[in-house]
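Subject: Structure for your review

Dear colleague,

Please find below the structure that I am handing over to you. My notes on what was found in it follow directly after.

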Amino acid sequence: LWTTTPPSQVRRRRRRQGWLLFAMFFGALALLVLVARTPVSFLSSPLSFFVQEETKKKTGGAGGGVSLVMCADPGDMIGFGEAQALLEAAEEDLGADPKELLCVSARRLVIRGSKVLLATTGIGATRAALCLDSVLQTYGSGIEEVIFMGTAGGSPARGGLLKDCQIHDEADPVRLGDVCVSPFATNWDCQKCFWSREPYTQAAAIDASACATAPCSLHERWDLFGDFACSFYVDVALSDEILRAVEVAAQREEEDQDHSKQPRRPRAIAELEDKFWRGTRHHPLDPSSSPRVWNYSVCAEATATTYWNGAPYDDLARGYVAELINLSKERLKLDVPNVTRNDVAAFSAMEGTGWMSVVKLSEVYLQYPELPSANVRGVSDYTHDPLVFDQDSGLWFEDQNWLSHDQRRNATRDGYRFAIQSTSNVVLALFDARRRTRQRGGEKKHDRR
């Protein structure tokens, strides 16, 4: 049936449509004004990983140009977080990242002219893995590289203090504040340990000696621990860039504008080291020297959820680190010598294999391109107490009483703060070097292998 709309209804409908168009016009105008007044900052919106990858392929670009720097402790240890020194060094703080990430915090900074997302993950491998995964899921290839920066317990010497139950004369002391730059990490917990030494019926008295062999084995057994559980390694290009930047910073140390030079050893740290090494009958160390930066041919992180301490455990960790370095040399075709536990230092921490597993698994299962990564760890304390020789028994023991309770607490605070400072300065040396490269008109490129 044909019907005719009354004129009054037509007029009312047109008035409603007019008001609707009027409201839409002014709403759009208000939105434009808001957008114009809002500053545009990096990583302010999600980036599709695959869209970004296609854009990079078409344009020949090098990625979003944002460096993700991660650390673990927000300040639980001494009330001074591992990110604090970088926060203080930033020339611009764009505030907290607006996205929901599985991190304790994430701040957008400009450091030496470089865009940096500084994320605090929380302590432990799981927290580090979840934080990194959420960042990559959110921003994809907007993240150009990953640097994990933090403190660690360090072997007192490269090669250990003892060799065949004698003082290791060729051992190279590792000082508090020394830094290891490495793209490798091994899982110290990938092992099977027995309460007594084999054969199991012979729990020898030598087990109490500091030069005893820890009753653990079967490291790297894939059938026990599964794939991607024990040892991780990535390309060394970013680590090499950091190490070169540190060398340049050392050469420029006399220039006042170079703020990335390594800090001088505080008196409290020098006195603490002197007491440690005098107890172990080692030659005196230079109290005025700056921390050294060790490279991946002689050091790596030994990740553990176990908070271990003891010379036999350090010996075990150095053995695992040596295995890792040799494996990485073979797989990555590196021009570095083969090593044993008598050649390397272990840096004990809790996050390395967690976040590195995300990097590796993303490549294998999600076909992500290789993400330049490096682990930068500073020694805040040692993996065991000073060693003393007992003439009556002919055995080495650890002197657990070399510090009082209060002295240990102060040593933890002083060592932690110094390691944060020296490790942060290594990362700052990288951004300083890149700023100088930009000023010369050059462009940063990772040496992809």
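Helix H9 is mostly covered, with 11 of its 15 residues buried. Here, buried means under 20% relative accessible area, exposed over 50%, and partly exposed in between, computed with a 1.4 Å probe on protein chains only. Among the buried residues of H9 are Gly354, Trp355, Met356, Val358 and Val359. Helices (H or I, at least four residues) and strands (E, at least two) are DSSP runs, numbered from the N terminus.

Please note that this is a predicted model, in which local features need pLDDT of at least 70 and side-chain atom pairs count only at pLDDT 80 or more, while totals for chains, interfaces and linings use all residues. Residues are numbered from 1 along each chain as its sequence is written, and side-chain values use heavy atoms, with hydrogens and water left out.

The 15 residues of H9 should span 21 Å at 1.5 Å a residue, and the end C-alpha atoms of H9 are 21 Å apart, which agrees. The expected span is 1.5 Å times one less than the number of residues. After H9 comes glutamine 367, whose phi is positive, near 60 degrees.

H9 (residues 352–366) packs against helix H4 (residues 125–139) at an angle of about 45 degrees, with the axes 7 Å apart. Axes are lines fitted to C-alpha atoms, for helices over the stretch in contact, and angles run from 0 to 180 degrees between N-to-C directions. H4 is therefore oblique to H9; angles under 35 degrees count as roughly parallel, over 145 as roughly antiparallel, 65 to 115 as roughly perpendicular and the rest as oblique. On the H4 side, the contact (heavy atoms within 4.5 Å) includes Ala128, Leu132 and Leu136, and on the H9 side it includes Trp355, Val358 and Leu366. The residues of this contact of H4 with H9 divide into nine nonpolar, two polar and one charged. Ala, Val, Leu, Ile, Met, Phe, Trp, Tyr, Cys and Pro count as nonpolar, Asp, Glu, Lys and Arg as charged, and the others, Gly among them, as polar.

Finally, glycine 160 lies in the loop between strand E6 (157–158) and strand E7 (162–163). Glycine 160 is buried, with a relative accessible area of 1%. Leaving aside neighbours within four places in sequence, glycine 160 is in contact with His168, Ala171 and Arg318.

Yours sincerely
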